[in-house]
Each structure stands twice: as structure tokens, then as C-alpha cells.
Amino acid sequence: MKVKEKVFEIIFLIVACVSILAVACICVFLFINGIPAMKEIGLFKFLGGTTWKPGNDKYGIFPMIVGSLYITGGAIALGVPVGIFAAVFLARYCPKRIYRIIKPATDLLAGIPSVVYGFFGLMVIVPIVRNLFGGNGMSILTASFLLGIMILPTIINVTETSIRAVDPAYYEGALALGATNEASIFRCVIPAAKSGILAGVVLGIGRAIGETMAVVMVAGNQARMPGGILQGVRTLTTNVVLEMGYSTGLHREALIATGVVLFVFILIINLVFNIIKGKGEQAAS
């Protein structure tokens, strides 16, 4: 038995090391190929420039940064409240007969390919936005709405699991003290599950900021500063996908540097999450 446990311990250690090595290789590749481009273009010109014209050696990605933040922020504003309330419904209110239908449906949303989401957005959401608000329909609002739908499965599943993991004594104790059902859930259970809910939100943000194919099809792909939520925009990910196939030299290195910026954004998001999580655990203790 001890030999078997030791073998599995070694296997798990190797798998963990492979995961760490994979992340390290990605970091090394991105920074080795991206940092020289930033240095040649100029860090402030690259991050703060508002013109992206590779043919004229102008590589400013600030419009793409703003576009990514706008679309991600819109997806969070639309998707997070819906996802959390849906998870609360599934965990605390949903009858078993309905749960057997809704739960597989949310799981199915997670398995739909991005290109299918993009096609749905192009054929359904874009015409609706065009008819209601004007313009051509390919805009920040359309992309935000579509990404809000795409992050729902992640937020719902993680949040529901976190709510179900809370000790029932929190809920029962609140009821015993005279609290209503809603007060017991939203003032006792939800705060106790805050760490898991934040994890789901962070995973959703990562999905939104890193999504490419669906955004390519509905965001308009215009490398300019957005003047409103009804205008087209280009994100960091779509900028790389659209131009990597034919790029060479400094242009290609600038696209890799764009990936570095996106990677740093993800690191910052995870760092902020860990800080918030740490403060929450200290407050709880």
C-alpha cells in the first residue's frame, strides 16, 4: 500500500511539474519575442499609441486595450448578476423536476463552440441591435451581450457548487433567529460562499477577455478608439488573430507583444482575486 501511494505521489508531482513547466515555457516565449518589439517601437508609443497601421510602422494598441476593457466590462455587467442569481435559484429554489432540465442546459452552454456562438450573434443579436439602436449592429454592445451569455455556464456552475458547499448550519441558524428565507440566503449563505463566487467571476472574466472567434464575428474589428457602445471595435485577441497569418518582421513581433499585454492583464486579474480572497479569509478568521 505504501509503495502504491508513493507511486501515485510521484505521478502527481510529475503532472504538477509539467503544468508549471508549460506555463513557464509560454512566459519565456512571449517575453523573449515580445519585449524586443516593445523596446524597438517604444513602450509608451506601443501601449499609448492610438494608430495601428503596420504598413506605416505605426503600432499603437491603446484602442485595442480600451476595446477589450469595454467589451469585458459589458460582459461582466450583463453576465455576472444573471449568473449569480441563476446559481442561487438552482441551489436553493429550483424544484427537482425543473432542475433536471435547467442544469443540463447550462452545462450544454459550456460545450458550444465559440464559432457557433459567433454565428448566433451574427445572425440573431446583430440584427436585433441594428433594429433597436441603429448602426450596422456590429458593436461593443453586441459583443458584450454575446460574451455575457458565453460566461454564464462558468459563473453558474462554480457559484452553485460554492453555495451548496456552505455549511447548512449558516442557513438554518439564520432561520432560527427569525430571518426570512431570502435574508438567510443573501446575508449568510452568499457571504460564506464569497470566495468560490469570486473564483467563478474571475474565470468568467478570463473567458471574456480571452475570447476571439465570437468577438471577431460581431465586434466590427475596427482598430480605432471607440466613440460609444454602438460603434465597432477591435480587441487584443482579434488583433492577433486577424493579422498573424500574414505578418512578418516587426509586425509579427508587435502582435506577439500584444499577446504579452493580454497575458499581463490575466496575471493582474488573478493577482487582484488572490488579494481579495486573502483579505476575505483574514476577515473570516
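Helices α3 (62-93) and α10 (194-210) each supply at least two residues of the lining of the largest cavity. The model is predicted. The largest share of this lining, three residues, comes from α3. A search of the whole structure finds one cavity of 30 Å³ or more. The volume of the largest cavity is about 40 Å³. Its lining consists of Ser68, Ile71, Thr72, Leu147, Ala208, Ile209, Glu211, Val215, Thr235 and Thr237. By class, five of these residues are nonpolar, four are polar and one is charged.

Threonine 258 was examined next. This residue is found in helix α13, which spans residues 249-284. The relative accessible area of threonine 258 is 1%. Threonine 258 therefore counts as buried, the limit being under 20%.

Zero disulfides are found in a search of the whole structure. Cysteine 25 is accordingly in no disulfide. The nearest cysteine sulfur, that of cysteine 27, lies 9.3 Å away. Cysteine 25 has a relative accessibility of 46% and counts as partly exposed. Cysteine 188, at 26% relative accessibility, also counts as partly exposed.

Terms used: Residues numbered from 1 in each chain as written. Predicted model: local features only at pLDDT ≥ 70, side-chain atom pairs only at ≥ 80, totals over all residues. Heavy atoms only, no water. Disulfide = S-S within 2.5 Å. Buried < 20%, exposed > 50% of the residue type's maximum accessible area, 1.4 Å probe, protein only. Helix = DSSP H or I, 4+ residues; strand = E, 2+ residues; numbered from the N terminus. 1 Å grid on protein atoms, 1.4 Å probe; cavity = no way out; pocket = protein on both sides within 12 Å on 5 of 7 lines; lining within 4 Å. Points joined across faces, edges and corners; volume = space filled by probe spheres on them. Nonpolar A, V, L, I, M, F, W, Y, C, P; charged D, E, K, R; others polar.
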